[in-house]
Amino acid sequence: MLDAREAMERLNAEAGRLNIWLRTQANAPAQRPWFRETGLEASGQIAAGRVGTAQLKPVAHRWRWREIAPYLDRIAEIARGADVSPIEFAERQQFLLTNPGLGGRLQVTSTMRCAVSIYNPGDVAPVHIHTPNASRTILSDKGGYTTIEGERCEAARGDLILTPNGTWHDHGNDGTEPVVWIDVLDFPLMEFLDCVWLDEGFPGETQGNARAQRVTRPSAYSHKLYGRGGMVPRFVPPRRGFGREVTPMFYYRGIDIREALDGLRQEEGDPYEAISLRFVNPATGLSLFPTLDYGAQLLRPGEATRFKRETASTLYVVIEGEGATEIGGQRFEWQANDIFVVPSFSWRRHCNIADTDAVLYTVSDAPLLEKIGQYRAQGRLADETVAELVP
Ligand SMILES: [Fe+2]
């Protein structure tokens, strides 16, 4: 008697060369009743099968700063001795983080790209504009500068600088020490949507050979306009650049973020997120980018959050402190400058294991999931039952 299952598998082996796929039991797609499988051990796993594999799912991962940072020094070293510096022929001096689950693709989640960049004194990335939304999180004590739509932002450690879709921007380092920052972009998502383009034909005046845009706004103009929570100027159009639904505030200072977190430390906070702040578009109260949500959270000494999971992925940058995050049954210890990623639907909780504060910055693709009607979240209560946080 013909074994239909086996026959189907054989047929599939042939069909593969035509780039078609016959659905069979053995290569069942990654479909599971996520919300009913509430055990910690099942989290983050996908159904076995060819489709599940071919889809390439991001996995939980941590990049230790002490392991990856030496490569920056090596890049900088090459740049110092080069006749033509890498920033000229490769446009950037950086390495990109690759999620081990994504087969070498230059992305940390299905939506996000993350790079670590170094700028030597004198380096300039010429003025340009693009469709991906981007940010940089400054790791150096003094972090060079970024000019966006005529506003120059002098950066320092912990600063968050935004270059939304459709804003002209250039970066550089006119200090005396190399500067390092982390770039996060929604590049893979835009690429998937065939929506990536870049233009270097800045229509305004530039200065120097390096093609930097002229500074036409007062320093920290973002703060002048939007630096006071709850008050926004009526006479300035809340659109800078051609992007829609992106924040007109380009610059958050690390010192302000830390102060805001500190000012809330006596509050109970959220059982899943501790003392957490969400950065919002001051004109609309919505996420900074339509695709990505930015935030910062403080974990007080010894504080541990409860387990939570969401239909969104989150990238974390450790700004301060030491701790551990359990993700889908794996424990990842972290310290300053480490970067880690929590994929969609993995149970996770954070613990500050030190007797000092820990501060994490976050980037999440939750706004995108919300917009397409797919955002859900669950939490585990103290008695281990599961609460529907966003049903
Ligand atoms: Fe850019």
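How do the residues of the lining of the largest cavity divide into nonpolar, polar and charged? The views below take up this point and others in a predicted model.

**View 1. The largest cavity and its lining.** The lining holds five nonpolar residues, four polar ones and no charged ones. The space inside comes to about 40 Å³. Ser135, Thr137, Leu160, Phe279, Tyr294, Gly295, Tyr361, Thr362 and Val363 form the lining. At least two lining residues come from each of β5 (134-138), β16 (293-299) and β23 (358-364). Strand β23 supplies the largest share, three residues.

**View 2. The second largest cavity.** Its volume is about 40 Å³. Lys308, Arg309, Glu310, Ala312, Thr314, Val342, Pro343, Phe345, Ser346 and Arg348 line this cavity. Four of the lining residues are nonpolar, two are polar and four are charged. Strand β17 (residues 308-310) contributes the most, three residues. Across the whole structure, a search finds three cavities of 30 Å³ or more.

**View 3. An open sheet of six strands.** The strand order is β2-β3-β10-β5-β8-β14, with antiparallel pairing. β2 (94-96) and β14 (251-252) are the edge strands; each has a single partner strand, so one side of each lacks a neighbour in the sheet. Strands of a sheet pair through backbone hydrogen bonds.

View 4. β2 and β3 (residues 113-119) run antiparallel and are joined by three bridges. Leucine 96 has alanine 115 of β3 as its bridge partner. Helix α3 (residues 65-81) lies across β2, β3 and β10 (179-185). The helix runs at about 50° to β3.

Note on methods: Residues are numbered from 1 along each chain as its sequence is written. This is a predicted model: local features need pLDDT of at least 70, side-chain atom pairs count only at pLDDT 80 or more; totals for chains, interfaces and linings use all residues. Side-chain values use heavy atoms; hydrogens and water are left out. Two strands pair if DSSP finds at least two bridges between them. Helices (H or I, at least four residues) and strands (E, at least two) are DSSP runs, numbered from the N terminus. Contact means heavy atoms within 4.5 Å. Axes are lines fitted to C-alpha atoms, for helices over the stretch in contact, and angles run from 0 to 180 degrees between N-to-C directions. On a 1 Å grid over the protein atoms alone, a cavity is a set of points where a 1.4 Å probe fits but cannot get out, and a pocket is an open set with protein on both sides within 12 Å along at least five of seven lines; lining residues have an atom within 4 Å of a point. Grid points are joined across faces, edges and corners, and a volume is the space filled by probe spheres set on the points. Ala, Val, Leu, Ile, Met, Phe, Trp, Tyr, Cys and Pro count as nonpolar, Asp, Glu, Lys and Arg as charged, and the others, Gly among them, as polar.
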